[in-house]
Each structure stands twice: as C-alpha cells, then as structure tokens.
Amino acid sequence: MPLPEVDLSALPSEYGAAVKAVRAKVPAALARPAWGIICGSGLSGLAGSLKDKVEIPYEQIPGFPNSTVHGHKSILALGFLEQGDKRVPVVACLGRFHMYEGHSPQDCVFPTRLFRCLGTQAIVVTNAAGGINPNFEVGTIVAMHDHLSLPCLTDKNPLIGHNLDAFGSRFPPLSNAYDIPLRLALFRAANALNLSAKDMQQGTYAHVSGPTYESRAECRFLRSIGGDCVGMSTVPEVIAAHHAGMRVLAISLITNKVVVDDYLDARKALQDQANGGDALGKKTADADTAAAANHEEVLEVGKRRAEDIRKLVETVICQTDLD
C-alpha cells in the first residue's frame, strides 16, 4: 500500500518551500521519486547511473545547509534507474549532514524528511564504517540489521522536540526499522553479482557523534555491547525515515578496521631496556600510527567498492515492487 501524501500545511514552512523549489527544477516524471538514496563518504558515485539526471545544489533548496566534509558533495540529484523494462524515479543526496559539523539532529534529517514530502516510499542509506567485528575485512559490505546509538539514547535523537504528526506518531518503535524484505533483496542481488559471503555480511551499526575516530577502549566497549561496525551518521536518517513510514535499507562499507590491540606495557619495556626496550617502544609507536584510521583511507576504499554497491542498490531498487 503506497504511503499517503504528506500534508505540507501541517509542517514548518521550509518543507513546502523545499518541495516547491525541487519540483520547479525537474520534469513531472521526477516530481514524486519512489526511492531515496543518501550517499556516504566516497559513495556519491551511486548516482552515476541515474538517467536524465537533474542536479540541484543544496544552496538552492530552502532548509538545506551545505556539507562541509571532504568526499561529500552538496548536491541533490534526481533521475531514473533503469534495468530491463523498469524505469524508477529516484532522488539522491550526494553529501549528508553530520552532527559533528555543528548541525542539529533535526537539520541532519531534513533531506530524509524532504524525500517523504516528495512522495518517496523507500530509502537506501549508505555509510563508510570502521570494522569492529573481527570477521569484517576492509572492503566488506554490511547490510545493517540493527543499530545502537549512544547520541540518540541521550539527547541527540532527531525526534526530540515538537512531534511532526504529519510524518508519524510521537513514539515510533525501532525494533522493526530495518526492512527485512529489502535486506533479503540485497542478498539476492549480492548472489546475482557473485559476491562471496566474505564480501557481503550483516550486522549491527554503532553510531557515535565523531568527528574523532574511536579510542581503543571505546572500540572494545562498542564490541562488548554488540557493535559490528561503527560510524558517525545514518542512524538519525534511519529514525526519521522510519518515523515517516518509509521502508529502510541501510548499507555500511567497511573502510578501516578499528584498533583494539593491547597497549604497550611501558614499565616492562623500560625494565627490558637492556634487551631493546626503547626499540620496542618505537616499533609499537610506529605500528600504532600505521593502524590508526584516517579519512583518506576511507575515501579510497569507498572508490574501490563503489561500483559493487552501485550495482547492488540499482538491482534492489529496480527489482522491488513498492506497491
């Protein structure tokens, strides 16, 4: 059953203004995109296969800030994904907003809510993440089946404040936020593309505020409470999308492995100085520096696996009937 039209008159004025601005720039066939995509770090290539694409800079859309993160564009792209005789209208954010940029949780989910106002029925949210699960290698694609969010469990939930009844109820559950049929469709697509079990995994995403990558103790803590991968986005958008009734498929790309190695025992290293303690300390420091996460690595891995993710998302969207 398709979702009903959103009553724009019941929402703050920027939603209606944003809808008007977008629809003024696209043909009628793209005015109500069925699917939305939010692209994570290095994954803006997901929109590369859109046909008859129209790109709208964020600065031209009321309510949109600009993304300030390297690897994130500030463009809304609308176009069609095509496969066989299927031609599906899609809207994609090439660049998202993060709380670590200084945006409020509500600002971070404005694009997601705009998707719903435009008529979007389902959303694909992607991200680059650090691998916590020791079975996840760099380059592994992970279908999110759940999340844990330290920010949202405290005071950074995007639904805090006056409830926007035009989207959904005051107290939405999250135990069913990740759509099972869409996740099954993703694994069918992975099988069709001959991705191995090592390449395609599933797990729980740990959401943190960033922008610092996690300490060793924090990574151990996140692993101990059930996190399989960790990142600084996605969960606010998932919450807003689910609150508004959209079906949600969320995909993480493991772009680095978190560091949980044991610490150097400085006292023992000094005691063993005669046996090369200083050399051990330097070797350990060099290894720590080499293992530490960095954003350039994230972008590079995103580029390497972007084509696989593009094919997966395209297949799921074109082969899924939302009616």
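Author: In this predicted model, start with Q121, in the loop between α3 (110-118) and β5 (122-131). Is Q121 buried or exposed? Its relative accessibility is 15%. The cut-off for buried is under 20%, so Q121 counts as buried.

Look at the side chain next. The Q121 side chain reaches the backbone oxygen of G119, at 3.1 Å. Now look beyond the sequence neighbours. Leaving aside residues within four places, Q121 is in contact with P2, L3, A34, M246, R247 and L322.

Pick R247 from that list and follow it. R247 forms a salt bridge with D179. The closest N and O atoms of this pair are 3.0 Å apart. This bridge links distant parts of the chain. D179 is in the loop between α4 and α5, while R247 is in strand β9, and 68 residues separate them. D179 is buried, with a relative accessible area of 16%. R247 is partly exposed, at 24%.

How far apart are R87 and E82 in their salt bridge? The N to O distance is 2.1 Å. R87 has a relative accessible area of 40%, so R87 is partly exposed. E82 is partly exposed too, at 32%.

Now a pair with another setting. R96 and E237 meet through their side chains in a salt bridge, at 2.9 Å from N to O. R96 sits in the loop between β4 (86-94) and α2 (105-108), and E237 sits in helix α7, so this pair ties together parts that are 141 residues apart in sequence. R96 is buried, with a relative accessibility of 3%. E237 is buried as well, with a relative accessible area of 3%. How many salt bridges are there in total? The count comes to 11.

Go back to strand β9, where R247 lies. The strand covers residues 247-257, and N256 lies in it. At 6% relative accessibility, N256 counts as buried. An unreviewed UniProt entry places the feature "binding site" at E214 and N256. Why can these two be said to gather at one spot? They span 43 residues in sequence, yet no two of their C-alpha atoms are more than 11.9 Å apart, so they gather at one spot.

Turn to E214. This residue is in the loop between β7 and α6. E214 is buried, with a relative accessible area of 18%. Its contacts beyond four places in sequence are V208, C219, L222, V230 and M232.

P211 is in the loop between β7 (200-207) and α6 (216-224). The peptide bond joining G210 and P211 is cis, with an omega of about 5 degrees. Why is that worth a look? Most peptide bonds are trans, and most residues other than glycine have a negative phi.

N194 is one of them: its phi is positive, about 60 degrees, and it is not a glycine. N194 lies in the loop between α5 (180-192) and β7. T234 has a positive phi near 75 degrees, and it is a residue other than glycine. T234 lies in the loop between β8 (229-231) and α7 (235-243). T234 has a relative accessible area of 0%, so T234 is buried.

End at the surface. L150, L153, F221 and I225 make a nonpolar surface patch of about 390 Å². L153 is in helix α4, residues 150-153. At 69% relative accessibility, L153 counts as exposed.

Key:
Residues are numbered from 1 along each chain as its sequence is written. This is a predicted model: local features need pLDDT of at least 70, side-chain atom pairs count only at pLDDT 80 or more; totals for chains, interfaces and linings use all residues. Side-chain values use heavy atoms; hydrogens and water are left out. Helices (H or I, at least four residues) and strands (E, at least two) are DSSP runs, numbered from the N terminus. Buried means under 20% relative accessible area, exposed over 50%, partly exposed in between (1.4 Å probe, protein chains only). Patches are made of residues with over 30% relative accessible area and no salt bridge: like charges are joined within 9 Å, nonpolar side chains (Val, Leu, Ile, Met, Phe, Trp, Tyr) within 5 Å. Accessible areas come from the Shrake-Rupley method with a 1.4 Å probe; for residues, only the protein chains shown count as cover. A salt bridge is a side-chain nitrogen of Lys or Arg within 4 Å of a carboxyl oxygen of Asp or Glu. UniProt positions are given in the numbering used here, feature names are shortened, and annotations may be inferred rather than shown by experiment. Contact means heavy atoms within 4.5 Å. A polar contact is a pair of N or O atoms within 3.5 Å; within protein, one must be able to donate a hydrogen and the other to accept it, and residues adjacent in sequence count only if both atoms are side-chain atoms.
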